[in-house]
Amino acid sequence: MEQTKRLLNSYLRVTQRMSRQFRDYFDQPDLTLPQMLVLTALGEEGTMPISQLARYVGSANSTVSGIVDRLEKMGLVERIRSEEDRRVIHVGLTAGYRARKKSAASVSAYLSKRLSSLSAQELDDIRISMEMLDRALDQG
């Protein structure tokens, strides 16, 4: 039980710190970490359907749709109806997003810079641990 409490406390501290640092770095205090991940995915991969975006960021379609709704209200993304199939809606970045300071930088590039003091083995250990945690939480 003590290990679980320590794990939870570590997780909460890390995610809180990451969110704060990302908002500071991107000079976008109004954005949440999930919103930044969606923007980064679109910046790295380009315009895509919500279903593909959801797979890319590892969230449900409904969750990503809500994130897109909020980003659309902020003028950062737009929904674009597919020319080939009018039922398919793509999401893309707006000129307003591109005009924001540091908005073109990705979360992954920033994280790489922040973690550059860790060895390749340490980074691999963290990745493996995170994947194990993800699998354990996914078991329902």
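Residues count as buried when their relative accessible area is under 20%, and the structure to which this cut-off is applied here is a predicted model.

**View 1. The buried residues of helix α3 and what surrounds them.** Helix α3, which runs over residues 50-57, has Ile-50, Leu-53 and Ala-54 as its buried residues. They cover an arc of only 100° around the axis, and therefore lie on the same side of α3. The elements against which these buried residues pack are the helices α2 (33-45) and α4 (61-73), together with the strands β1 (48-49), β2 (77-81) and β3 (89-93). Just after α3 comes Gly-58, whose phi is positive, at about 75°.

**View 2. The open sheet of 3 strands.** The strands of this open sheet follow the order β1-β3-β2, and their pairing is antiparallel. Because β1 and β2 stand at the edges and each has a single partner strand, one side of each is left without a neighbour in the sheet. Between β1 and β3, the antiparallel pairing extends over 2 bridges; on the β3 side, His-90 stands opposite Pro-49, while Val-91 stands opposite Met-48. Between β2 and β3, the antiparallel pairing extends over 5 bridges, and here Gly-92 in β3 is the bridge partner of Glu-78. In a regular strand, side chains alternate between the two faces of the sheet.

**View 3. A network of salt bridges that includes Arg-79.** Salt bridges link Asp-69, Glu-72 and Arg-79 in a network. Within this group, Arg-79 forms a salt bridge with Glu-72, and the closest N and O atoms of the two are 2.6 Å apart. Arg-79 counts as partly exposed because its relative accessibility is 28%, and Glu-72, with a relative accessible area of 32%, is likewise partly exposed.

**View 4. The salt bridge of Asp-85 and Arg-87.** The side chains of Asp-85 and Arg-87 meet in a salt bridge, with a distance of 2.9 Å from N to O. With a relative accessible area of 24%, Asp-85 is partly exposed, whereas Arg-87, at 72% relative accessibility, counts as exposed.

**View 5. A nonpolar patch on the surface.** Leu-8, Tyr-11 and Leu-12 form this surface patch, and together they have about 290 Å² of accessible area. One of them, Leu-12, lies in helix α1, which covers residues 2-25. Leu-12 counts as partly exposed, since its relative accessibility is 44%.

**View 6. Ala-109 in helix α6 and its separation from Arg-70.** Ala-109 lies in helix α6, which covers residues 107-114, and with a relative accessible area of 46% this residue is partly exposed. Along the chain, Ala-109 and Arg-70 are 39 residues apart, and their C-alpha atoms are separated by 24 Å.

Terms used:
Residues are numbered from 1 along each chain as its sequence is written. This is a predicted model: local features need pLDDT of at least 70, side-chain atom pairs count only at pLDDT 80 or more; totals for chains, interfaces and linings use all residues. Side-chain values use heavy atoms; hydrogens and water are left out. Buried means under 20% relative accessible area, exposed over 50%, partly exposed in between (1.4 Å probe, protein chains only). Helices (H or I, at least four residues) and strands (E, at least two) are DSSP runs, numbered from the N terminus. The arc is that of the directions from the helix axis to the C-beta atoms. Contact means heavy atoms within 4.5 Å. Patches are made of residues with over 30% relative accessible area and no salt bridge: like charges are joined within 9 Å, nonpolar side chains (Val, Leu, Ile, Met, Phe, Trp, Tyr) within 5 Å. Accessible areas come from the Shrake-Rupley method with a 1.4 Å probe; for residues, only the protein chains shown count as cover. A salt bridge is a side-chain nitrogen of Lys or Arg within 4 Å of a carboxyl oxygen of Asp or Glu. Two strands pair if DSSP finds at least two bridges between them.
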